[in-house]
Amino acid sequence: MSSEEFTVTPWSVEGDIDYDKLMQKFGTEKISPELEARIEKIAGEVHPMLKLGYFFSHRDLDKILTEYEKGNKFYLYTGRGPSGKIHMGHLLPWIFTKYLQEKFDVNLIFQLTDDEKFLYSDQKSMEEVSKYTQENILDIIAIGFDPKKTKILIDTKDIKRIYPIALEIAKRITFSTVKAVFGFENSTNIGMIGFPPIQAAPCFLPSIIEGRPTPVLIPAAIDQDPYWRVTRDIAEKMGYPKPAQIHSKFLPGLGMQGKMSSSIPETAIFTTDTDDVVDKKISSTFTGGQPTVDLQRKLGANFSICPVFWYLRYFFDTEKESDERSRKCKGGQLLCGECKCNLKDATKPFLSEFKKQREKAKDQVDKFMFD
Ligand code: TRP
């Protein structure tokens, strides 16, 4: 694959991603300064992840705000495929979702697609996926969502809540559509082919819970967009509002292009990693640096491909600190060792607090479940 090529599907993100091209290809819109200002007016502050462009693209976010301003509250809907442990890359969209829940004072449905992850993997047994489902729930609760306004939906357990809607959806989507949108082939197992309506169904669940058409906003990484494209096509025919989206970029893994991956453990910092492991992973990570210190001082380094830079930018640096860091990195005044130290020093206390919340979450699980 040449460096100009990239692929983004719900199951694979590879290459050096050109987000402008991706927006064009998917037909989404950039979050404009005007939209940001409208959010600021309601929320009181623009979250750094918006300001720094981590959340960068949307569909119908303007409509969601217009309805909200009229007093018509939306639901948030997001989810997780429980295929492994949770790493820091997963936390970003959830932290952002929590900010939206808090500032807009809205309900959230959080779907766990254990069925999807079972069907998708050749190796994983249902027992294994269920183990991750239970583990991942602790991480989700540890984010700090409001237990009174949040429901976690486990597909295999709560299927009765979504199956009737999923059927209505499934009847309206043809095989040729999902083949084109998701790239399914003749060799794809038929469980996968039938899965998209299950992820689409929670888009309409709020309307059913509330007993009237209720807008839904989905914060998610942009690789999930294909699901919402097919859902939007049929929503109005079914009498529901089209689900709106706010899309994030991917957080680069430590050591590769594309998103951080649980299936390559050394490229991800897990929420359960000890300080020693965090130190080791960050010490040995790939960076945007030159092969030698001399060269780096002379030529400067490439922060835009550097995971250390992006972690610091999205999690820990202020905008000012981050801009300063990028300037010095490019100019050769900053060496990779220093950025790695900064990242270690910030990550360890962050994770130690997160682990505490994760322990507390063990007693809270029931509050977040559908009955
Ligand atoms: N398919 C997603 C994944 O593999 C999980 C998911 C389900 C999701 N519903 C969602 C993600 C809604 C974002 C928004 O991770």
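In the predicted model, Ser352 counts as partly exposed, its relative accessibility being 37%. This serine belongs to helix H18, which comprises residues 336–361.

Two pairs of packed helices were examined. Two packed helices are described by the angle between their axes and the distance between the axes. For helix H16 (residues 307–316) and helix H17 (residues 319–331), the angle is about 165° and the axes are 9 Å apart. Because angles over 145 degrees count as roughly antiparallel, H16 and H17 are therefore assigned to that class, each running roughly antiparallel to the other. The crossing of these two helices, H16 and H17, is left-handed. On the side of H16 the contact is formed by Phe309, Leu312, Arg313 and Phe316, and on the side of H17 by Glu321, Ser322, Asp323, Arg325 and Ser326. By class, the residues of this contact between H16 and H17 comprise four charged, three nonpolar and two polar.

The second pair consists of helix H2 (residues 33–43) and helix H4 (residues 61–69), which pack at an angle of about 30° with a separation of 11 Å between their axes. Since angles under 35 degrees count as roughly parallel, H2 and H4 are therefore described as roughly parallel to each other. The crossing of H2 and H4 is left-handed. In this contact, Leu35, Arg38, Ile39 and Ile42 of H2 meet Leu61, Asp62, Leu65, Thr66, Tyr68 and Glu69 of H4. The contact of H2 with H4 divides into six nonpolar, three charged and one polar residue.

Asp60 is placed in the loop that links strand E4 (55–59) to H4. With a relative accessible area of 13%, Asp60 is buried, because buried means under 20% relative accessible area. When its neighbours within four places in sequence are set aside, Asp60 is in contact with Arg232, Lys242 and Ala244. The backbone of Asp60 has a phi near 60°, a positive value in a residue other than glycine. Most residues other than glycine have a negative phi.

A positive phi is also found in Asp105, where the value is about 55° although the residue is not a glycine. Asp105 follows helix H5 and is situated in the loop between H5 and strand E6 (108–112). The relative accessible area of Asp105 is 37%, and this residue is accordingly partly exposed.

Helix H5 itself extends over residues 88–104, and its 17 residues, at 1.5 Å a residue, should span 24 Å; the end C-alpha atoms are 25 Å apart, which agrees with that expectation. H5 is mostly covered, with 13 of its 17 residues buried.

Definitions and conventions
Residues numbered from 1 in each chain as written. Predicted model: local features only at pLDDT ≥ 70, side-chain atom pairs only at ≥ 80, totals over all residues. Heavy atoms only, no water. Helix = DSSP H or I, 4+ residues; strand = E, 2+ residues; numbered from the N terminus. Expected span 1.5 Å × (residues − 1). Buried < 20%, exposed > 50% of the residue type's maximum accessible area, 1.4 Å probe, protein only. Axes fitted to C-alpha atoms, helices over the stretch in contact; angles between N-to-C directions. Parallel < 35°, antiparallel > 145°, perpendicular 65-115°, else oblique. Left-handed = near helix turned anticlockwise from the far one by under 90°. Contact = heavy atoms within 4.5 Å. Nonpolar A, V, L, I, M, F, W, Y, C, P; charged D, E, K, R; others polar.
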